[in-house]
Amino acid sequence: MSSTVSNPQGILQPGGYGGHDSRSNGTSGSYVRPESESNENEEAELVSVSWNQDSSCFAAGTSHGFRIYNCEPLKETFRRELRNGGFKIVEMLFRSNILALVGGGPNSQYPSNKVLIWDDHQSRCISEFAFRSEIRAVKLRRDRIVVVLEHKIYVYNFMDLRLLHQIETQANPRGLCCLSHHSNTSVLACPGLHRGEIRVEHFGLTMVQIISAHDSSIACMTLTLDGLLLATASTKGTLIRIFNTMDGTRLQEVRRGMDRADIYSIALSPNVQWLAVSSDKGTVHIFSLRVRVVGEDSHSTENTALLTQQTYSNSLQGLVSPTTGTNPGSSLSFMRGVLPKYFSSEWSYAQFHVSEVTQFFAAFGSHNTVAIIGMDGSFYRCSFDPVNGGEMGQLEYIHFLKTDNRPR
């Protein structure tokens, strides 16, 4: 699988899917500014939603373009309405003016095999990546652009668009891939070549760690911002596992439920104290984590910021802050090793119920809050009790597509 990269002087005009790679020419006339239109009489259809790297904002790809929202407080910060359709991928780079866009949705004329790197300050496309197959995901960090295809991942240098790495994966239709976002760690996690396997690239250490995470295929994963912890779920969707990415050690396992579920999102709190999981069962679960990073400065270097745990394999005692609770377990957990593993499981500490008929994606906010965005245009903010757990309280609900809170 090959790719081409170009630096257009204008804007890429939407085009159809191409069966081969072609290098674009900024002077060819293929690049024109897309015409904006208000579409006030036609309601936009939501195509995709995605958090930025620190979950302070989220992007909504619509059938008419895209919109960016601030989370605390919820407010639309800007939108782009285009005549030529919308985008199935809108990837932010923190709060900067740089976005990665991939066409998709109803009647979109933007191809699904091209990534546009968009500078919204200049209102133009500053570079383009073309591939022979559909793009499944794009991930950004300040020094890298990562493009995920179904069987391959391309890693580019952001400054000069030079191709740095090509990684083969097993079939990856979900576009699973996650990055660290601290300047002193450069970590990428993606599916490996075998079912249930995760490949962790520590680029700064030129080290690869292969983790056999699950028996079933991987459904969802996330890294901490420093890339030292990895949380995963399989297509079975009953267990979530947390791993040390340096040595592949499994540090903790929590149970979402008994029945098979499709996991939509996994989020780790910035202080690595909590984990949130959403699924098609209509419940967002919060779990207390028993793992932490050693030292007061947890982001010193990739070599020294090592992870620790307390005898996970034989004990449920963990690294729990005095101000937080522990995940509930079965009253029969004392018979671990005699009864099936189910009876020694750790269950969720707090819960919030949403609709089962649409996808929801959760992320942590400030002061023990969780933000939840749905593919039906819903935005929830809820709070959980870090001492007692239980049912979370709803603080806010807004239908962000229909609320007229656009910038004036």
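Begin the tour by selecting Phe379, which counts as buried because its relative accessibility is 0%, where buried means under 20% relative accessible area, exposed over 50% and partly exposed in between (1.4 Å probe, protein chains only). Before going on, note that this is a predicted model, in which local features need pLDDT of at least 70 and side-chain atom pairs count only at pLDDT 80 or more, while totals for chains, interfaces and linings use all residues. Residues are numbered from 1 along each chain as its sequence is written, and side-chain values use heavy atoms, with hydrogens and water left out.

**Aromatic rings**

What kind of aromatic pair do Phe58 and Phe379 form? The pair is stacked, with 6.1 Å from centre to centre and 10° between the planes; rings of Phe, Tyr and Trp (its six-membered ring) pair if their centres lie within 6.5 Å, and planes under 30 degrees apart count as stacked, over 60 as edge-to-face and the rest as tilted. This pair links distant parts of the chain, since Phe58 lies in strand S3 (residues 57-62) and Phe379 in strand S30 (residues 378-383), 321 residues apart. Helices (H or I, at least four residues) and strands (E, at least two) are DSSP runs, numbered from the N terminus.

**Nonpolar cores**

Now select Val115, Phe131, Ile135 and Ile145, the residues with the most contacts inside the largest nonpolar core, which has 20 residues. Such a core is a set of buried Ala, Val, Leu, Ile, Met, Phe, Trp, Tyr and Cys residues joined through side-chain atoms within 4.5 Å. Among the strands that each supply at least two residues of this core are strand S8 (114-119), strand S9 (124-131) and strand S11 (144-148), whereas S7 gives the most, with three residues.

Centre the view on Ile145 and, leaving aside its neighbours within four places in sequence, look for its contacts (heavy atoms within 4.5 Å), which include Ile117, Phe129, Leu140, Tyr154 and Leu161.

**Salt bridges**

A search of the whole structure finds 19 salt bridges, each being a side-chain nitrogen of Lys or Arg within 4 Å of a carboxyl oxygen of Asp or Glu. Select Arg174 and Asp262, whose side chains meet in one of them at 3.2 Å, N to O. Arg174 is in the loop between strand S13 (163-168) and strand S14 (178-179), and Asp262 is in the loop between strand S21 (250-255) and strand S22 (263-268), 88 residues apart. Are these two residues buried or partly exposed? Arg174 counts as partly exposed at 40% relative accessibility, and Asp262 is partly exposed with a relative accessible area of 27%. Salt bridges that share partners also join Arg67, Glu76, Arg79 and Glu81 into one network.

Then select Asp160 and Arg162, which form a salt bridge with their closest N and O atoms 3.5 Å apart; Asp160 is partly exposed at 44%, and Arg162 counts as partly exposed at 47%.

**An open sheet**

Finally, display the open sheet of four strands, whose order is S14-S15-S16-S17 with antiparallel pairing. S14 and strand S17 (207-212) stand at the edges, each with a single partner strand, so one side of each is left without a neighbour in the sheet. Strand S16 (residues 197-202) and S17 pair in the antiparallel sense over six bridges, two strands being paired if DSSP finds at least two bridges between them. Within this pairing, select Arg199 and look across to Ile210 in S17, which stands opposite.
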